[in-house]
Amino acid sequence: MRKGEFFRENIDILERRDRELAEMILRAPRSSGVNVFASRSGMPSIRADGVTLHSLYDPCSEAAAWVEHHRSELDGAPPVCILGFGLGYHVAQLCRTTAAEVTVFEPRLDILRAAFEHLDLTTVLRRSRIVVGEEVPEVAKGFVVLEHKPSVNLEPVYFRHVLSRLKTLQAVGRGLKIMVVGPIYGGSLPVAKYCAAALRNLGHDVDFADNSLYEEAFLAIDSITTDATNRTELKGMFVDFASEAVIARCGEFKPDLLFALAQAPLTERSLVKLRSAGIPTAFWFVEDFRVMNYWQRVAPVYDYFFTIQRGPFLDMLESAGARNAAYLPLAASVDTHRAIQLGRDEMDLYGSDVSFVGAGYSNRRSFFEGLIDFDFKIWGNEWDLASPLGRCIQRSGARIDTEETVKIFNATKINVNLHSSSYHSGVNPYGDFVNPRTFEIAACEGFQLVDRRSEMSELFTIGEEIVCFEDIGDLRRKIRYYLDNPEERRRIARKGCDRVRRDHTYELRMKSMLDFLFRRGYELPPCSHARRDVSLLVKEAGRESALGSYLARFSSKGKVGLDDIVEDIRSGEGALSDVERIFLLMDSLRRQYVMEG
Amino acid sequence: MKEVLIVNLTRMGDLVQTTPVMAGLKEEHPGVRISLLANSAFSEICSHIPHIDRVFVFDIDEAVSFLRREDLVESFRYMAALLDEVNDTVYDLVINFTHSTSSAVLSSLIRTREVRGLTIDQQGFTIKRHPWIRYFFNVLPGRDINPFHLCDIYQKAGGISPGGRGLELSLPVHADDLAASMLAGEGVGDEDILVGLQLGASAEDKRWPVASFAALADRLSASSGARILLTGSAREADFGREFEGLSRVEVLNMIGRTDLSGLVALLKRCDLFISNDTGPLHIATAVGTKSINISLASVHFRETGPYGEGHYVVRAELPCCPCGFDSDCADTLCKRVITPANVAELAESLLLHGDLGAIEDSPLWENVQVYRSCFGEDGFIDYVPLISGRPLNKSLLFTEIYRQTWPCILDGERSWRADEAWCRLLERLSERYDLGPVDIPASIEEELLALKRLEGLLAGALSIVSIVAKEAGKDSPDFGLIKKLWEGVPPVDREIETVGLTLPALRPMSTIFRYDKEELEDEDVRLLSEKAGRIYGDLARHVSMIVRVLESAAAGLAERGVCTK
């Protein structure tokens, strides 16, 4: 094939995978700093800005040697990230050797253009992905990074950045130490627990700061005095204490990330302390911003802010000083909320034609009076037993725990789900976010009728996976219809459940949360004392290298960190080796610049 | 000597202050290649430093970024790659002028025949190689009796005799044109008097108030018609804005608006530069611009004042000056004691006469002293108090005595005569101070007694060490005897330590003795005891020198009738 033919063929293949990049290469001008010439073997080599990227003698043999050099790192066919494309010899050789996913980073379009013009890269392009920008895309867990040294030397700043991002991605993939901070009580408490569990399921090391321990003491403040000012003052002092307790806990756990849920007792002062300690903080505000306004105060002090509402709220957050805000809808914990088989007794106890589980907000109190003629059970607290709804209220308005809630969702023919509002008498016409109950009923494969919300259609296919109502008349009509059509009810419930398991689990939300952090430049905190698998370190260093063989001596420990190595050196006898001295140098730099700031 | 590597990972000012030792190395070892290992954050200045043949840049930020992520392998590789680059030759001499543990470990990894400065030994313990480096580390605990400037200590550690070499920086090409073009836009012509002010400093307590600078500018503008230039980095822009709000003069605010070449050119153009203790102060000195250093808080001008002939230091003369590095002063009296009127008076004289040899004491100068820098006959920089007749005190006396004795001890100089030393000392003291008010003989009585007691103890220790060396040199030494004999040594060490701790004027001797002993490392008992013998011998000699001078001082001052006893 001639030069032009290579180019057309290569571009065609690339276009199928990455049209945008193909167009960029097509538009890239030929650069005077790039010179392609024949090596002694006859294969082309290339020089860019005075740096020769491939052998002057035999680029193919050189590429084979490069792959051979990295052989031990490629054991088990991990995904590979290559820094530098050059003319692609080493990439081609690697693709021949491993079946793994290959991502190549190359910022120079002029070099890519030259490669496309001079070599048949069709096999390489079918197998690998090329990244030219600074943003590092998602790479499968357990990837290794291989450097094409001449390319790295040519663009050191770019590759240093990419390497740094890839290393952070590797750390995230290996698992972070995450402190999850829950509220003292309230609706975000179970969400906090689900998040902690989901993060553990994703392989992270989680410490859950369970502030519900303080609930009794905190609520007892109300019995101390009726003076509202004094109560507020005392509660503030209590929150200060709980907040400092979290900081003390961080001191020991040394998290890579603190993830707090709405109403978590964390003061601005504590958050500033965390920031100065370099511990990134994220906050999930699982509340209605129009009802709770403390977000204005805390938005600037968290590094990352997640909301269940979009639209104007994201702009308002930015104005309030939030630097990295993103929409993160609620979800369900499918380990907790699931379809279960109930016995006859339980079906009798928990079952009904229509039910509702939740607190008696004013809009629900008035709206549900319209359902009084159905077989309707209301579970939960804050209901008025003396109202017309009194006969529907179960257990005199006692709180219902999660386990029983799951049974109710399972046992009920039609679960009504009305989002709370303190400002509207029934359905909130401006309702946007979707509450946890929506996902939880669906996850239990329960059938629900839910009030219309503007975000709903993004999350469920309305009519197929979930059914919404507009007002009390609409709800009554639909209750009657679906009571008469049990098969349709079951079909919709099953589809809703599938959707939740596919798209709306807390594991997926936590992954999205971490992905967002990474995209926004998340860096591990300075004193992250992560221990690493010795076997992985040895592999990364190269078994035959001086560093690799030195690290291998720690194999019996399983995992090792710089502190362990330095302690081992300090307790040893005899003259220090150069490798040991370099570790001492690293330790002293860390003490001087990282720990002391 | 063919290959020298200087390790200096500190700040811009410190880098400029290594220029005399580099110049000295080039002079005394023609053809020597000087390599510098510098912190990337301050590497820009390196291109302006003459005498450097090549620079290795240590990107500490990058190295630290790997450590932040606990990325052991990448971090190790970064260090190993840097060392590979630096170790492309075997050096004859590595001098580490950085005082951090990391620089000590780094220095121990460089292929060289000799290391001076902080390094680590085979077992990883930090050691201070070279007598003058050990002296340097003693300065911190004994600051107010240290007579030597950092540049002089550096030169001595480099094996160079200080002899009037000032700081040096190469000027950017067409520096004058560059400055002229920058100033022309601001309406400053060649004939205008230009006074530069550096408002910032590395720490708040070292910064003379902006309001004081503004008042100074107002007065200089009115009295001398001087145009005022503000220099500084972008981080110091707030000071510039504050200044503009306070001063009535039309100021040329170049804070954050110049690169290093521009700064160098502007400083060269200034007729006078007035600054806190900063990097630009050293740059101004290096390009030969007359400078006034306002020396505050923990800054001690004798260590880091402007190094060169004919610069000035204004300093508060208060019992707490200089304060300790770890002090956190809630009431920086020194900033208030030095008034705009003090600095303006000095600056006006300098603008008018070019130089100033003396200042007549008056209430204006209460609690303030002004020093003029010059090179002494001994080659070291000297700071001569311009307001003479202030009372001599014990610290000043010991500072002057140590200026004469330490070089003999640290350089191993044998020819020293107490009477000659005393004559020189008396001459300097009488020129600079009023010897009357303080009863010096009475004030040094305790030191004299302690030193005489040490003389006896050291003689004992020396004889033990020499017997041990002799026994250890035998074919089959009696180690029982050696052990028994050696039991007499630790009590002497404890006494030396006690003297140093209880009598601050004698602390440097005890501190350096301890450093010297920390250096002792040898498997062979005979060699070890011989080395120990040299350490005790040096201390004994120094003690006896001081005793003789103090005795002469006591007698001489009594003879002159200046003491009350």
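Colleague: How many salt bridges does the rule find across the interface of chain A and chain B?

Modeller: This is a predicted model, in which local features need pLDDT of at least 70, side-chain atom pairs count only at pLDDT 80 or more, and totals for chains, interfaces and linings use all residues. Side-chain values use heavy atoms, with hydrogens and water left out. A salt bridge is a side-chain nitrogen of Lys or Arg within 4 Å of a carboxyl oxygen of Asp or Glu. One such pair is A:R160 with B:E62, at 3.1 Å from N to O. Across the interface, the rule finds 4 salt bridges.

Colleague: Which element gives the most residues to the side of chain A that touches chain B?

Modeller: Helices are DSSP runs of H or I with at least four residues, numbered from the N terminus. The elements giving two or more residues to this side are α8 (156-174), α23 (534-541), α25 (562-571) and α26 (578-595) of chain A. With 14 residues, the element that gives the most is α26(A).

Colleague: How many residues does the contact take from chain A and from chain B?

Modeller: Contact means heavy atoms within 4.5 Å. By that criterion, the contact takes 39 residues from chain A and 31 residues from chain B.

Colleague: What area do chain A and chain B bury between them?

Modeller: Buried area is the accessible area (1.4 Å probe) that two parts lose on being put together, summed over both. Carbon and sulfur atoms carry 65% of it here. For chain A and chain B the total is about 3200 Å².

Methods:
Residues numbered from 1 in each chain as written. Chains lettered and ligands numbered in written order.
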